[in-house]
Amino acid sequence: MGNELEFFAEKRASEAENIGAFQGVKLLYIRKQVEDMLALIGRNGFFDQYTRHDISHIDGMLEIVDWVIPDITKGYMSKADWLMLVLAIYFHDMGMLVTAEEYENRDTDEKFVQYKNKALAGEFGNEYRDSVLDVKPDYEHFLYQEYVRYYHAERIKRWITNMQYDNAPEECQSITNSITQILTGLDSKFRRDLGLICESHHLNDLDNFSKYSTCARYGNSNDECVNLQYIAIILRTADIFHITCERTPSVQFCVINPTNAKSIIEWQKQMAVKAVTPKTPRNSDGNIDSSIPKDTVEITAYFDQPDQAEAFFGLSAYVMYMRDELKRNYDWVLLAEKKEGTSNYKYPWKHIDDDNIETFGFEPHKLQFTVDQTSILQMLVGHTLYNDSSVVIRELIQNGIDAVKLQYCIDTCKDIPEYIPTGEVKVLWDESCRTLIVMDNGTGMTIQEVENFLLRVGASKYRSENFQKQFPDFPAISRFGIGVLTCFLIADDIDITTCSTEEDAANIISLRKVNGKYLLKKSSKSDVQQHISQHGTEIVLHVRSDVDIEDILSAIRKWVIFPQCKVTLHTNGKDISVGYKSPKEALTEYLNSGQYIVDNRVYRVDEICEEGVTLAYALHYNEYLNEWTFLSSEHFESDTPSLIGTCIEGIRVEFSTPGYNGETIIAVANTHNCSAVLTNVARSAIEENDSKENFLRILYACYKKHILSQMNILQKDRSLDWSIAECRYLMDPLLAPAQNGVVLQSQEAFFQIFDQLNSIVIEESGERKAVSVETVKALERICIVDSAMVSTATMLLREVRSKSTLSDLIHTLEQDIDILPNVPIICGYDFKNILHRRAFQKKQASSIVVSKQHRRVDIVFTHDVQNWESFSTHVGRVHVPLGSVDIMGLSNEFGVYTIDGIYLSYKDGFTQYLKELLKKFDYVNLSKDRQLVSALLSISCDERLLDLGPVEQRQYNTDYLFRRAIEEFGPYSNLLWERIDRDDFVSNLFREKHILYRPRDWSRHINKSNRSRYVEDMASYY
């Protein structure tokens, strides 16, 4: 450029020289001075390997401004608008100027010291820290350069406004003085706003209209007014659009020869860009139509070398950034129009067209991830996606195993065996270069499969219609189509090589960033790894430095338990085989690693296979009872990571005891060729559906099968009653964990299985037999007899192997006793036995007969009657009569205390009083009210209080006795008196002596209520 201004924007800006606020400003002079100063950028080795920031960058931006600003806005803009814009373009990058003295005194710059410390501490990411330390020979030089790049917009603002930082080097002050001299003729307000505009291209606050006024005035005329927000938007737009090869001439590349990898990629990226221009609009017929407003920017680029893939990915990432910037700018302008009324300042640019970015040596069409929206929505609902980096390894291995299984089916047309000797998945980990490779000799992928499944998030080949028709029963582990997507959890750079027998060449896919575009090229199969050259896939991940992947063997063993082919890890010069051939083998090795040695005398492992499910569980032998019981995991210690869990096709999905939500007994399960059992998206659990319920029923049936086998063994040497009684204790390890918060995954499925187990002894029509819960539930009536004699006779029958019945034995001892032969009797009823309780579901007492002569209570239960309302309390279950059901044989007793709990007599006045009190509580819907009712009934049925006679009531203060009895209820007793009248309750409680009849009151060794000790201890509390 000679002695005149060339660009439209500069010419319009120069017109401001003639108006009052800017008289004395000479734009041509400013430009020449700026050109000289910008030429200094790159001196002293700073920014000598980056794209150019000299006057050519300024000219490129000025040229872009000519088409970025719509004609209607050009005509409306003031002379001051143009002056502010041009000066901002001149000065916006000048902050990258670094002096030698400034660098020498860098340690006195507190901001740089903070930046350096953060960078070296990894606060900007471990990858950034490592890249800094890798710079030779002087990483501090590189680091200071990065620091200046980061703060250059702030630096120029300070220089323009003469707001220098503390202890600034003298040479930096000279830069400020030079800029002040150049801008002579501009007042401080204009310079302040110019500094704000220059700084703004590195900020995202252009919605702040108090900072970026849409009408900043420097004089009275409209030509002395500037829309600062719009000027800032145009500056950042022109800056990001200037990425063409003009900014990176090849001559300078050869002279400078950048050594920094980032600089090389940046250089190649911009060298490839040929043009950034507005796209000519076309109508719906595809014809050019000048009447349609331009709103799209077109990028033309050509990468002419196969080794420029990284530069292509760099440009792709930059295009995404450009799209974000355009959207932000567009929204800011609309906001200003809405709030500030700036309707004449237009910004039409909304889209970026990158279809004209071409690559040499790659397929002409570029790949990108697409989303199967229906599948993704289903996957995301109710699920937390992957939050463990080790799942990446799991996904790749299981994808490889699926491919191996499918290749076996194609080759043999046979069902998949438990182990495929010809298949292999290899995992290679090079810690020094942080490269993770997973390769398999499975089917590989065609280019159609790459596009339709590999890169289509949520789409899986194994769920496609064509595949389901060809392989309807194929048990794929991978079915969500997000396996490769998970790789971006640990790596940004991924290279895939895959060979299919359906294609002659290998497909090589290069992926960079999850939301970018990707490159595909063909290669000869002879040039790829021999392991996959016929068919197979190799995936190479360049793992980020901030990802912890040190113990890769543990990460693989965590998931891969029973692979159906060979899986090996190659690392540090070692080849390590992974996995076990069966659950029994795995569990045996696991036990032997701890304090339990499998010797088949004290400890052993059993394995059961049912309907495609294999379950192995550990057992402990009790020599006195001659039975093998499930082994709890509670006290087991081992240096080996736990193998407890559930696997789907050999890959662990759950880390709890099969069928539970936590660890209980030591067991592991695996499904094989069981395509109905599916996992959730995160593979953290089995999918909740009917198939899961069926799977759980199979697991619980395996547990039941072991218990049944032990009961059958016991019956060979023991009585029927003995083996049935042991059922409860054999089941205890399966049910006791509920006390520790570990519960069954499906109680319904569990009891569907165990309700079929013959676990209850009944006598019916003179026959003593074992029946199931289901059988008892089906009976119209059932009876329990609470009597010391009956209990003793039952114990005798338990100890003796005999075909005698309870009726026979008691009738022999005392002939006048009738055991209700017309009603089936449960023998040895135990309310603590959950199967006994389940047998009485939907049954209630329809008849209660007390025989004081024989010290016995007979209770007959009938199906679907509603005579009682039952409550759990501290003194056991309390049954409150709903109607006038009678307890026959009572005289003046309050109720009867039986092995099934306390039944209150409806004839008793205190019972009627309690029923009225219960109406004050919503115990059906409110948990707190249920607790209060439990406390109320516990106090009401506390025999320490009920048994106090009038003499004792007079001797001791009843109020104190009452307070003493309710101490154990803590805050509930206080809440209780907020709902009912305490004095009235105490009065009714002690009005008379209330007696609960017990059929065993005549047993001297039983101190049924500790009443004597309770009363004796009273004196010590006065």
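User: How many nonpolar, polar and charged residues are in the lining of the second largest pocket?

Analyst: The general idea is to sort residues into classes: Ala, Val, Leu, Ile, Met, Phe, Trp, Tyr, Cys and Pro count as nonpolar, Asp, Glu, Lys and Arg as charged, and the others, Gly among them, as polar. In this structure, the lining of the second largest pocket comprises 13 nonpolar, 6 polar and 5 charged residues. Please note that this is a predicted model, in which local features need pLDDT of at least 70 and side-chain atom pairs count only at pLDDT 80 or more, while totals for chains, interfaces and linings use all residues. Residues are numbered from 1 along each chain as its sequence is written, and side-chain values use heavy atoms, with hydrogens and water left out.

User: How much space lies in the second largest pocket, and which residues are the closest to its centre?

Analyst: A pocket is an open set of points on a 1 Å grid over the protein atoms alone, where a 1.4 Å probe fits and protein lies on both sides within 12 Å along at least five of seven lines; lining residues have an atom within 4 Å of a point. Its volume is the space filled by probe spheres set on the points, which are joined across faces, edges and corners. Here the second largest pocket holds about 560 Å³ of space. It is lined by 24 residues, and Thr794, Cys827, Gly828, Tyr829 and Asp830 are the closest to its centre.

User: What share of the chain is buried?

Analyst: A residue is buried under 20% relative accessible area, exposed over 50%, and partly exposed in between (1.4 Å probe, protein chains only). Of the 1022 residues in the chain, 54% are buried.

User: Is Ala21 buried or exposed, and what does it touch?

Analyst: Ala21 is placed in the loop between α1 (8-14) and α2 (27-38). It counts as buried because its relative accessibility is 18%. Contact means heavy atoms within 4.5 Å. Leaving out residues up to four places away in sequence, Ala21 touches Gly185, Tyr218 and Glu224. The C-alpha atoms of Ala21 and Tyr218 are 6.2 Å apart, although 197 residues separate the two along the chain. For the whole chain, 69% of contacts between residues at least 6 apart in sequence join residues at least 24 apart.

User: Where are Thr161 and Asn162 placed?

Analyst: Thr161 belongs to helix α9, whereas Asn162 sits in the loop between α9 (139-161) and α10 (170-182). Thr161 is buried because its relative accessible area is 19%; Asn162 is partly exposed because its value is 41%. With neighbours within four places in sequence set aside, Thr161 is in contact with Arg191, Arg192 and Gly195. Asn162 touches Gln173, Thr176 and Arg191, residues up to four places away again not being counted.

User: What is the strand order in the open sheet of 5 strands?

Analyst: Two strands pair if DSSP finds at least two bridges between them. The order in this sheet is β29-β30-β33-β32-β34, and its pairing is mixed. Its edge strands, β29 (868-873) and β34 (996-997), each pair on one side only. Strands β30 (residues 876-881) and β33 (residues 901-904) run parallel and are joined by 2 bridges. Opposite Val878 stands Ile902 in β33.

User: How do β15 and β16 pair, and what is the phi of Asn572?

Analyst: Most residues other than glycine have a negative phi. Strands β15 (residues 565-571) and β16 (residues 574-577) pair in the antiparallel sense over 4 bridges, and Thr571 faces Lys574 in β16. They form a hairpin with 2 residues between them, and Asn572 in the turn has a positive phi of about 55 degrees. Ser765, not a glycine, also has a positive phi of about 55 degrees; it lies in the loop between β23 and β24 (767-772) and is exposed because its relative accessibility is 67%.
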